[in-house]
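This report describes interfaces between chains and a few individual residues. The sequence and structure come first, and the description follows.

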Protein chains: 4
Amino acid sequence: MLNIRRLSLDEAKILIDGATKKSQEMNIPMCIAVTDESGNLVTFDRMDGAKITSISIAIDKAFTAAGARNGTHVYNQLCQPGQPTFGIHITNGGHFCVIGGGLPITVDGHIVGGIGVSAGTAIQDQEVAEAAVEYFMGQTGYEASA
Amino acid sequence: MLNIRRLSLDEAKILIDGATKKSQEMNIPMCIAVTDESGNLVTFDRMDGAKITSISIAIDKAFTAAGARNGTHVYNQLCQPGQPTFGIHITNGGHFCVIGGGLPITVDGHIVGGIGVSAGTAIQDQEVAEAAVEYFMGQTGYEASA
Amino acid sequence: MLNIRRLSLDEAKILIDGATKKSQEMNIPMCIAVTDESGNLVTFDRMDGAKITSISIAIDKAFTAAGARNGTHVYNQLCQPGQPTFGIHITNGGHFCVIGGGLPITVDGHIVGGIGVSAGTAIQDQEVAEAAVEYFMGQTGYEASA
Amino acid sequence: MLNIRRLSLDEAKILIDGATKKSQEMNIPMCIAVTDESGNLVTFDRMDGAKITSISIAIDKAFTAAGARNGTHVYNQLCQPGQPTFGIHITNGGHFCVIGGGLPITVDGHIVGGIGVSAGTAIQDQEVAEAAVEYFMGQTGYEASA
């Protein structure tokens, strides 16, 4: 039997809080999604005024980061034309998102979930996701590495 | 020009709080989704232990209730075989949900959003959605009719 | 942080073995799928001669049983016309299967995965799934209840 | 009347064994799928810890390799922007996979199935698929050419 660690809803909401604070500082209303380690949605917020096309992008970024165990920005480069991973952006029924702003959540060396942020540029989305992870680690006292 | 009234994120979270309280009383972890009046997701929570098949059902119930402007339980009866509305449950790309547990949120006679609850029986889901609406009205002081 | 128990691949293969033995006794080549507790596929076998339309049905049965935490035959009754859960068979992008032959795998009171069997009648599929679970419990020494 | 040669389930499992051995040597848990010559799934294993986004990618690689009768890496180059085959990666409902790691299984000059491997880099996935085919030929004594 495998023993898996998974974000609780309360912990996932800390990620939402961290992302919201950063988005407010940047004055960009964002869609923010958190999945568990298996890519299933745990919690989601669309800040007032955030783009509706970002709803599914944020959810797909969180799914991809948790499921593929990499930041979505990593695949943005790996899937460029001429690269051997070209084409990964249309797999998983179109849900594999290769735009920056999705990050896996790693605790003690285990991926326990994923966060996805969307509505700004890919760079801004990634900045918010990174701030959310930093805030999460600060609030919970968890460590990324074992 | 139309002026649309729409739930804010803070107001949508009051609906989540109301649904969560009722779910905890009933000891059934639920998936709870709130959409705006256009059927687009505003916020979502999967309580620890809630069924993963209920994620998309809760979102679809909220979408259906806001979009079709009726409780989803209403369509459960209207779409029965032999009824003229039979078949509506497979429209909208399969997102039109006819299982009880989705309710429109009505303020001053205007539909401003929808809530969808899933993980219990249809009856339990609807009970939680109704408790959430009642809690929302109590907390905000809004009135359903104009 | 939540602690989740999940079938390993070796354990999932015991379920496949149990289902295969029973299918051979019944002389019906089956498609057999095992998912983890989150509904993601762990292992799959199509016995020589099994129907190709049963590939996705077996996978969807295992997904549904694990995700909704019930045998798929339970929903077959709950979703009949006139029942409040009518319509559940078209949710989850059409992957919610309400035909008997899907069972959750429960160990110490926790759902750790799901099995789905397809190619015979719903009754035969369920019989094979039940035999697989019984074989799994016998081989591993696990108990369903805590 | 056509007479088709097709991998049996037992033969397909030899491919899984070969891929698993190589993945273990490389210390990368992989998703491994084998289809028949018609592209329909025969058997699948997700090694403990393999990425969940690789489940459907492995299946699509095996489907593509058997169906299009080429290694998926071949299409990775053929479908680059500016090439006349550009666009093939979004055909077949998104299931045509152009990432290396899918290979047709050829026996006596006939394609009898396909294997798809996913979870590492495209190069690693292809290396595992090649090792699986080599292992299969060694174990069965089959020859690729007639």
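How many salt bridges are there between chain D and chain A? The count is zero, a salt bridge being a side-chain nitrogen of Lys or Arg within 4 Å of a carboxyl oxygen of Asp or Glu.

## Basis of the description

The model is predicted: local features need pLDDT of at least 70 and side-chain atom pairs count only at pLDDT 80 or more, while totals for chains, interfaces and linings use all residues. Residues are numbered from 1 along each chain as its sequence is written, chains are lettered from A and ligands numbered from 1 in the order in which they are written, and side-chain values use heavy atoms, with hydrogens and water left out.

## The interface between chains D and A

On the chain D side, 22 residues are in contact with 21 residues of chain A, where contact means heavy atoms within 4.5 Å. The size of an interface is often given as the accessible area lost when the parts come together. Here chain D and chain A bury about 1,600 Å² between them, and 62% of that area is on carbon and sulfur atoms. Buried area is the accessible area (1.4 Å probe) that two parts lose on being put together, summed over both. Of the area that chain D buries against chain A, 31% is supplied by Lys51(D), Ile52(D) and Thr53(D), more than by any other three residues.

Although salt bridges between chain D and chain A number zero, there are 11 residue pairs in polar contact between these chains, both residues being at pLDDT 80 or more. A polar contact is a pair of N or O atoms within 3.5 Å; within protein, one must be able to donate a hydrogen and the other to accept it, and residues adjacent in sequence count only if both atoms are side-chain atoms. Three elements of chain D give two or more residues to the side that touches chain A: helix H2 (53-68), helix H3 (72-78) and helix H4 (122-140). Helices (H or I, at least four residues) and strands (E, at least two) are DSSP runs, numbered from the N terminus. H2(D) gives the largest share of this side, three residues. By class, the side of chain D that touches chain A has 11 nonpolar, nine polar and two charged residues. In this division Ala, Val, Leu, Ile, Met, Phe, Trp, Tyr, Cys and Pro count as nonpolar, Asp, Glu, Lys and Arg as charged, and the others, Gly among them, as polar.

## How chain D relates to chain A

Chain D is superposed on chain A by a rotation of 89° with 0.0 Å of shift along its axis, at an RMSD of 0.1 Å. That is the relation of a four-fold axis. Copies are superposed by least squares on the C-alpha atoms of residues with pLDDT of at least 70 in both.

Why do the copies meet through different surfaces? Because only 14% of the interface residues of chain D are also interface residues in chain A.

## The interface between chains A and C

Chain A places 15 residues in contact with 15 residues of chain C. About 1,300 Å² is buried between chain A and chain C, with 53% of it from carbon and sulfur atoms. Met1(A), Ile4(A) and Arg6(A) supply 53% of the area that chain A buries against chain C, more than any other three residues.

Two salt bridges are counted between chain A and chain C. Arg6(A) forms a salt bridge with Glu37(C), in which the closest N and O atoms are 2.6 Å apart. Residue pairs in polar contact between chain A and chain C number 12 (both at pLDDT 80 or more). Strand E1 (residues 2-6) of chain A gives the largest share of the side of chain A that touches chain C, five residues. That side has seven nonpolar, four polar and four charged residues.

Thr20(D) lies in helix H1 (residues 9-26) of chain D. Thr20(D) counts as buried because its relative accessibility is 16%; buried means under 20% relative accessible area, exposed over 50%, and partly exposed in between (1.4 Å probe, protein chains only). Leaving aside neighbours within four places in sequence, Thr20(D) is in contact with Ile32(D) and Met47(D).

Ala68(D) lies in helix H2 of chain D and is partly exposed, with a relative accessible area of 23%. Not counting residues up to four places away in sequence, Ala68(D) touches Tyr75(D) and Phe96(D).

## Positive phi in chain B

Most residues other than glycine have a negative phi. Arg69(B) has a positive phi, near 60°. Arg69(B) is placed in the loop between helix H2 (53-68) and helix H3 (72-78) of chain B, and counts as exposed at 58% relative accessibility.

Asp108(B) also has a positive phi, near 50°. The loop that holds Asp108(B) is between strand E3 (102-107) and strand E4 (110-118) of chain B. At 30% relative accessibility, Asp108(B) counts as partly exposed.
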